[in-house]
Every structure is written in C-alpha cells, then in structure tokens.
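Keep the structure open while reading.

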Amino acid sequence: MASVGEDGALIIDSDYEAYAPAHQAAVAELAGGEGAPKFLLNTHWHFDHTGGNAFFGERGSVIVAHENIYQRMSTKQNIKALGRVTEPSPKPALPVVTYGDAIAMHFNGDTIEVQHYPTSHTDGDSIMFFAAENVVHMGDTFFYDRFPFVDISSGGNAFGLIKTIETVLARIDDKTVVVPGHGPLTDKAGLARYHNMLVTTTGQITAMLDEGMSVTDIAAKGLGDEWDSWGSGFIDEGRFITFVASSR
C-alpha cells in the first residue's frame, strides 16, 4: 500500500526482497519520479513484510517501525512454527525511527495514526489508520477469510489478537476500507466476519481443552464444516488449533 501526493511517497511494508525493484518502479511511476519513497512503515518484522527493507533503506527511505520490530530484526530469530531461523538484518534494513505505543505522521494531506497492538500476530504489530481517507491497514493481524498465523515464538497470542480486532472494529465505520495483511480489500463487515470466526473457534477449542482433550484429539474431531474453507490457506485447521492451545 502506498500514499502518493505533494509530499512524496510513503509505503507500508516492503514485501519479499525479490519484489522490491518492481514495487519501487510502480511507486516511482505513480509519483512521477525516480526516487525511493520518503518513508517506509513496517507493520511487523516477518520476512515477507520486511524483505525489501534493505533495498529501500539503501536508496534513502526512512524506515519507521515499532521498537520490537527493531529488536527482532537486529537479532537472530527462530520462528518455530515454520521451522525457520532468520539471521540479523543488515543495517540498511533496520528501522531508523522507532516508537513505543504510537506515532502520527502528517503526510500528503492526511494524518496516518500508527498504533501498536501488543501480543497479536506478534509482539510488534502496528495498525495504520489513514484518517482523511478512512482506510485502515491491518498488517497480519488480519488474514481475509482464513485462519491467521499466530507467531507464538514472536510474542503472538490468539486471545490478544481477538482483543485487537475488537478494538479496531469499535473505531472504524461501515465506509472504512480495510486492508488485510493477506487477501483482498474488504470492509468492516469482512473484519467482523473474521472476528466472529476467532471468537467462535477459540471458544470451541478452549471448551475441548478444558474437557481434557489433547490438541491431537481436537484436530481429529475438527471445528465443524462451517470453518472448512478458512483452513484452505497458509494455516490449516490443525495448526490454528495449536496456536490457540499455545496461547492459553
């Protein structure tokens, strides 16, 4: 996602490293120039959202992110659920400006409110509210019509994620454009549908765990036909059940 206007260009997340040149070209075409975006905001630290950071940082983009993103990107990380070890990022990829709870950016006639929501998808998630345009960028706190990846090893928590979604739903309206971390643009109804899934399935899983069922038993029983399509993406039903159980 990009903001392009009289102040220049600002982008949210940098995707995989290999895609950075194509994104640069697209933003340059929109902005009518060849320079890199003035600002790059990261929603969280994962490689599919920060892989192009070094490319843009080397070209002068100011990288802005939560302090926890800086800490994770500057040290070796182990995403246990994916079996992936990530080495520390090079200096040009690291955030130059970090914040604690929130930061506001006044850019291209809009106010971009960047709010940190701890213990959601990770411990460094930020959601971006574009006040004038009535747009919210959710990062990976929102997987459209799919079970989310809750990165327990990076401080994520399924129940914290529910609280985050509830907070955002209370803030937006029916005309808000909602940008998920994965999936197409949607609206408040799409985010509410995701919230309903989270609340319902975590309730089911919690009840079965309280009855003494194991994660393996719950996965074998399943959560019901209603949620079959939600497990057809990156995270299947069994892995989602594991995330919920690990969040207790």
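In this predicted model, Thr202 touches Phe159, Ile162, Met197, Phe240 and Val244, leaving aside neighbours within four places in sequence. Thr202 belongs to helix H6. Its relative accessible area is 4%, so Thr202 is buried.

**Helix H6**
- H6 covers residues 188-210.
- H6 has 23 residues and reaches 32 Å from its first C-alpha to its last. That is close to the 33 Å expected at 1.5 Å a residue.
- The buried residues of H6 include Gly190, Leu191, Tyr194, His195, Met197 and Leu198. Thr201, Thr202, Ile205, Thr206, Met208 and Leu209 are also among them.
- An α-helix has 3.6 residues a turn, so residues three or four places apart point the same way.
- The cover over the buried residues of H6 includes H5, helix H7 (215-221) and helix H8 (237-246).

**H6 against H5**
- Helix H5 spans residues 158-171. The axes of H5 and H6 come within 10 Å and cross at roughly 150°.
- Angles over 145 degrees count as roughly antiparallel, and H5 and H6 are therefore roughly antiparallel to each other.
- Their crossing is left-handed.
- On the H5 side, the contact uses Phe159, Leu161, Ile162, Ile165, Glu166, Val168 and Leu169.
- On the H6 side, Lys188, Leu191, Ala192, Tyr194, His195, Leu198, Val199, Thr202 and Thr206 take part.
- By class, this contact of H5 with H6 has 11 nonpolar, 3 polar and 2 charged residues.

**H6 against H8**
- H6 and H8 pack at an angle of about 70°, with their axes 10 Å apart.
- The two helices H6 and H8 are therefore roughly perpendicular to each other.
- H6 supplies Met197, Leu198, Thr201, Thr202, Ile205 and Leu209 to this contact. H8 supplies Phe240, Ile241, Val244 and Ala245.
- The residues of the contact of H6 with H8 divide into 8 nonpolar, 2 polar and no charged.

**Backbone angles to check**
- Most residues other than glycine have a negative phi.
- Asp13 is not a glycine, but has a positive phi of about 65°. Asp13 sits in the loop between strand E2 (8-12) and helix H1 (20-31).
- Asp13 counts as buried, at 11% relative accessibility.
- Asp15 also has a positive phi of about 65° without being a glycine. Asp15 lies in the loop between E2 and H1.
- Asp15 counts as partly exposed, at 23% relative accessibility.

Technical notes: Residues numbered from 1 in each chain as written. Predicted model: local features only at pLDDT ≥ 70, side-chain atom pairs only at ≥ 80, totals over all residues. Heavy atoms only, no water. Axes fitted to C-alpha atoms, helices over the stretch in contact; angles between N-to-C directions. Helix = DSSP H or I, 4+ residues; strand = E, 2+ residues; numbered from the N terminus. Parallel < 35°, antiparallel > 145°, perpendicular 65-115°, else oblique. Left-handed = near helix turned anticlockwise from the far one by under 90°. Contact = heavy atoms within 4.5 Å. Nonpolar A, V, L, I, M, F, W, Y, C, P; charged D, E, K, R; others polar. Expected span 1.5 Å × (residues − 1). Buried < 20%, exposed > 50% of the residue type's maximum accessible area, 1.4 Å probe, protein only.
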